[in-house]
Amino acid sequence: MFRFFNTLSRQIEEFVPLEDGRVKMYICGPTVWNFAHIGNFRTFVFGDILRRYLRFKGYELTHVMNLTDIDDRIINEAASRNISIDEFTEPYTRYFLEDFDALGNERPEIMPRATHHIPEMIDIISRLLDSGHAYESDGSIYYRITSFPDYGKLSKIRFEGNIAGGSDRIDTDKYDKEDARDFALWKLVGESEEPGWDAPFGRGRPGWHIECSAMAMRYLGETFDIHAGGQDLQFPHHENEIAQSEGATGRPFAKYWIHSEFLKIDDVTMSKSKGNFFTFRDLTAQGHSPLAIRYLLLSVPYRKQLNFTFEGLQGAGATVERLRNFRSLVHEAVGVGDERESVESVMTALRRFSDAMDDDLNTAAALAAVHDLVREVNIVMSQRSLSEVEREAVIDALDKFESVLGIFGRADKILLDDEIEALIEERQKARAARDFARSDEIRDELAAKGVVLEDTKDGVRWKHK
Ligand code: AMP
Ligand code: ZN
């Protein structure tokens, strides 16, 4: 039974999809105005683990992750460079997806862009205007929070008085509103040079929150199963999404809301505005592997804060190496005899693994089950050969773990350290014998398996890509 913490009820609930066997899920995606930092990627790796575990449980999944390609920052940056917003966001979208893929995340089924869904946003805003949930002021359109008595049901914030300044992203709109809590659905652009779209209520551009309501309902329907995102999105973003969507349809929006905790650094939340961040590229440029970064990000359960340290990242790198070496040792083993001891270990490990993941996606306990299996099988292998049935059981378990965690990486990249050293030595001999064809061949073979060589004055050094 898969259970997780539903922010809406503040309780651990059993997951029961609206439709048998099918899950519809929306996870807020990035704003493509800069390189994403590894704090952002903690949230996206969490989303990937949730995605993979739903599939592990046998559900068919439609997972939507939007790309926010219009907001004030994007407009300002594009204007200061004198380029269109499309020209500005294109490379950042590409970099984001490159990093997202390199971190071993599976691509969601649907990745809509905000700017391609303006008609859907206009439609919701029109409905909100018709039903009195929205009003016009100075040409812009605002959501009338007093019209939605359930406002606050997600974040449990009590909204007496003025809450301006309660969040980084609240109340930065410099427009006139009936109530300080009201938020912009559509910002008037008029005839100015700013990017804008024509709408029955005037040329303008959407507010941030309406984007997600429109894209979620476009692809998943008015009511769907899971909506997730980082902790900071709970309020005001997700609270406003609920108000807009339920205000427009009169139906519940998402059944389950899941929020993942922050990545911190020196106990301060990693963020662009504080400047205390590392991008994925900063870390890989220092030689840290994408798998190590992924391992670190998922090693702490999603509802606990994670403090980033380089020691932690190095430790994650060593752990991933050990796991990969273990996997290749088992793959290369030749089954002998008919012992079954490790088959028992595998069954226990698989049960512990799925119990841990069923329990609010407890990745730390799931990893402990993986490591315990590795330890037990290593002990067996130090004493005798695995039998074929044991070997197959272990390989099958590793494949199952990998389908959820994605921490072992591609199998064809694996070479044991000894094998790498032996190939390097052979290459040195080929070079000494001026057999450059062979030495190049070895370099290429290693490169194809993710090992890069560096010729230094002290000899050849190597590292995993
Ligand atoms: P943004 O591109 O700013 O819209 O953020 C993308 C995602 O990253 C959102 O789900 C945020 O909640 C999340 N996020 C931002 N900072 C952090 C952090 N330090 N740790 C974890 N998630 C974060
Ligand atoms: Zn969103």
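Trainee: Why is Leu 361 called buried?

Mentor: Leu 361 has 2% relative accessibility. Buried means under 20%. The value of 2% is under that cut-off, so Leu 361 counts as buried. Remember that this is a predicted model.

Trainee: Where is Leu 361 found, and what is its phi?

Mentor: Leu 361 is found in the loop between helix 10 and helix 11. Its phi is positive, about 55°, although Leu 361 is not a glycine.

Trainee: Why does Asp 360 count as buried?

Mentor: Asp 360 has 9% relative accessibility. The cut-off for buried is under 20%, so Asp 360 counts as buried. Asp 360 is placed in the loop between helix 10 (341–358) and helix 11 (363–383). Its phi is positive, near 60°, and the residue is not glycine.

Trainee: Are Cys 28 and His 237 buried or exposed?

Mentor: Both Cys 28 and His 237 are buried. Helix 6 also holds Pro 236. The peptide bond from Phe 235 to Pro 236 is cis, with omega near 0°.

Trainee: How do you know that strand 1 and strand 2 pair?

Mentor: Count the bridges. Four of them join strand 1 (residues 3–6) to strand 2 (residues 11–14). Pairing needs at least two bridges, so these strands pair. The strands run antiparallel. Phe 4 has Glu 13 in strand 2 as its bridge partner.

Trainee: What makes Asp 48 and Arg 294 a salt bridge?

Mentor: Their side chains meet at 2.7 Å, N to O. The limit is 4 Å, so the pair counts as a salt bridge.

Trainee: How many salt bridges does the rule find across the interface of domain 1 and domain 2?

Mentor: The rule finds four. The two domains bury about 2600 Å² between them, with 66% of it on carbon and sulfur atoms. In domain 1, Ile 38, Arg 42 and Tyr 53 lose the most area to domain 2.

Notes
Residues numbered from 1 in each chain as written. Chains lettered and ligands numbered in written order. Predicted model: local features only at pLDDT ≥ 70, side-chain atom pairs only at ≥ 80, totals over all residues. Heavy atoms only, no water. Buried < 20%, exposed > 50% of the residue type's maximum accessible area, 1.4 Å probe, protein only. Helix = DSSP H or I, 4+ residues; strand = E, 2+ residues; numbered from the N terminus. Buried area = accessible area lost by both parts, 1.4 Å probe.
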